[in-house]
Amino acid sequence: MKFKLTSIATAVLLSPVALAVDVEDIERVTINGQYLSVNQSNSIKSPTPIIDVPQSLSIMTAEEITARGITSIGQIIDYTPGVNTSQGEGHRDSVVFRGVRSTADFYLDGNRDDVQYYRALYNVEQVEILRGPNALLFGRGGTGGILNRVSKKAKTGEQFVNYNVSANTFGAYNLQLDTNIDTGDESAVRINAMYESLENHRDFYDGDRYGFNPTARIELSDNTIVDLSYEYIDHERFIDRGIPTGANGEPVEAFEDIVFGDPENNYQTLDADVFRANLQHRFSDNLKGNFNAFYGDYDKVYANFYAADFDAQTNVATLDGYIDTTQRENLILSANLVGEFETGSFEHTVIFGGEVINTKSNQDRFNPVFDSTGNDKERFAVERPLSFRGLTGTNADGETVTTSFSALNDDTHVDLDVYSFYVQDEIALSDNFDVVIGARFDSFDIEVFDARPAVLETRNRKDEEVSPRAGLVYKPQENISIYASYSESFLPRSGEQYANINGDANQLDPDTFTNQEIGVKWDFAQGLSFTAAIFENEQKSLDNDPNDPEGFVEVDSDVSGFELQFQGSLTDKWYITANYSNLDGENADGVELRELPENTLSVWTTYQVNDLFGFGLGATYQDESYILTAENSPVLPSYTRVDASAYYDLSDKMRLQLNIENLTDTLYFPNAHSRHQATVGAPINARLSLIGSF
């Protein structure tokens, strides 16, 4: 039965009290928690206390990321309500925001970061996850939610060097450096750098990641600050797309150690250069401006083979594959003004902003051609390892086969121009009532050149959309808020990666998403908060009518549910956070949506035994979910994973920390991409870290 939006419940994660090295750090985290971000590059673009934001959101600070030994976006998602991970074909972050899968709704300091890769966390101040459509502040996409990384900035008047050296039981290790240099009363330079050697529990898996991010801050005056940043990204990793499902519709547990791919030709590489400049200026006590320029140049290659089919009776798997390249340049110019004024007895906080985006993206895909079949598929006996390596092997019939990536499947050149402006007014009607109302206009103009020799065709489409947002906040007292909100977003038919508008797609209007949400936030004691939200997210899209070449049919889906969160310090030594979400979604035919576990639950608690020693214990539960939106879809079984941590302060400036994942050594399958590509969760493993400063 659908859980409809009929009553009040809750939303918005209040600030996490992180496991910090000293009292000064704890105070800083608590202060930060009053707002979404420690600087002006925050998700809501105005200095609004979290308790007054009519929307579900979660925040994890750098201190908490370090304390939990987190090294990936996926690990943050595991402990966030209303969202879960998707496999992302083993080469990209992929998040399911309230039933909507996305590989592009990622942001860096509010700038669109839509290239498909695994994002590092070495240079983030905090990670913000907003749920529900967010077009007003972020434009197209954001249909189920968005994830924004707030980067570390240079700090004037401070000198420090922080380091983090860690290694895990698989043989992977990680080195991080964070140093801030005070170059004068009005300037500073900060350098964040990392190197990570990748290893895990699966055969052939390896890789490494480099990150180098110098930033500079210049205070031109008391009212004007300039932040400059450059980041170099170099990633390489083995691609593992998991294991097939069997006759019972679940992943075949006997295959947990088998890799279905080519050890030498399952890989991803990414090279990127990212430049950012931000100017903040205070025109007066009541008017502030933020002006931003972002340029990213990305070069990515992704090659893989994977199980496309499996015959349980013969124990034979069919491999398919492709190699895909992307060269993309993103230029983003944005600005917003935040003004505070009064009209009569009403107080206003108005945001007015605009954005210009130009994206040039070239992508191609080549399929393999097996000499034995003449197409991109071949059958191999399931064994460890498969008899297939270096594009050659022995097939299920005992024949020697070879292949090469020689069949051109796609070759598109995209030129995209987006122009946007938006306005939002936060109106304090009284001490108890606030109203938020606004809208955004987007012009999305795309040109796609299909460069395949047999096609050589250019297609164009221009969409102009207005996305409204409205919210009402009632505060019966200062520490309680009750809110209701409505928001919309859209996704053009070129998709979140806008690779093409082939066929009749250029005739179709964008998909639209609407979100209705009611919530309550309650700081019921010093350092303790309880929040909850109930919501409904509807997607409407058109498709070509198979019975009428000139007609269209409406294809809808609906997700509803609720979230509960409890967080804070029960005593001076005991901290806990607990999250629960219940989600229910189906399409217009009544078929349950893929990758939508009905129940998810996570708990994390830390206890400070004495001044030097503390430990943490956590668990995350995910209900079973369907791999496909289809009748008789295969299923990912439910699972519970238990994690733990402990730390000991060797000195005031050095900590030894142990983090253990999957303490009970549970075999589980956290996500999938398709019927025969289910991810095998890692067995028990530990990470030992030395964290300190000098």
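Reader: Is Asp257 buried, partly exposed or exposed, judging by its relative accessibility?

Author: In this predicted model, Asp257 counts as partly exposed because its relative accessibility is 35%, and that class lies between the buried limit of under 20% and the exposed limit of over 50%.

Reader: Which residue forms a salt bridge with Asp257, and how far apart are the closest N and O atoms?

Author: Side chains of opposite charge can pair when their charged atoms come close. Here the partner of Asp257 is Arg384, with the closest N and O atoms 3.9 Å apart. Arg384 lies in the loop between S18 and S19 and Asp257 in the loop between strand S13 (224-238) and strand S14 (267-284), so this pair ties together parts that are 127 residues apart in sequence. The side chain of Arg384 also meets that of Asp203 in a salt bridge, at 2.8 Å from N to O.

Reader: How many salt bridges does the count come to, and which residues do shared partners join into one network?

Author: The count comes to 41 salt bridges, and those that share partners join Asp93, Asp113, Arg119 and Arg149 into one network. Another salt bridge is formed by the side chains of Asp52 and Lys475, at 3.1 Å from N to O, and both of these residues are buried.

Technical notes
Residues numbered from 1 in each chain as written. Predicted model: local features only at pLDDT ≥ 70, side-chain atom pairs only at ≥ 80, totals over all residues. Heavy atoms only, no water. Salt bridge = Lys/Arg side-chain N within 4 Å of Asp/Glu carboxyl O. Buried < 20%, exposed > 50% of the residue type's maximum accessible area, 1.4 Å probe, protein only. Helix = DSSP H or I, 4+ residues; strand = E, 2+ residues; numbered from the N terminus.
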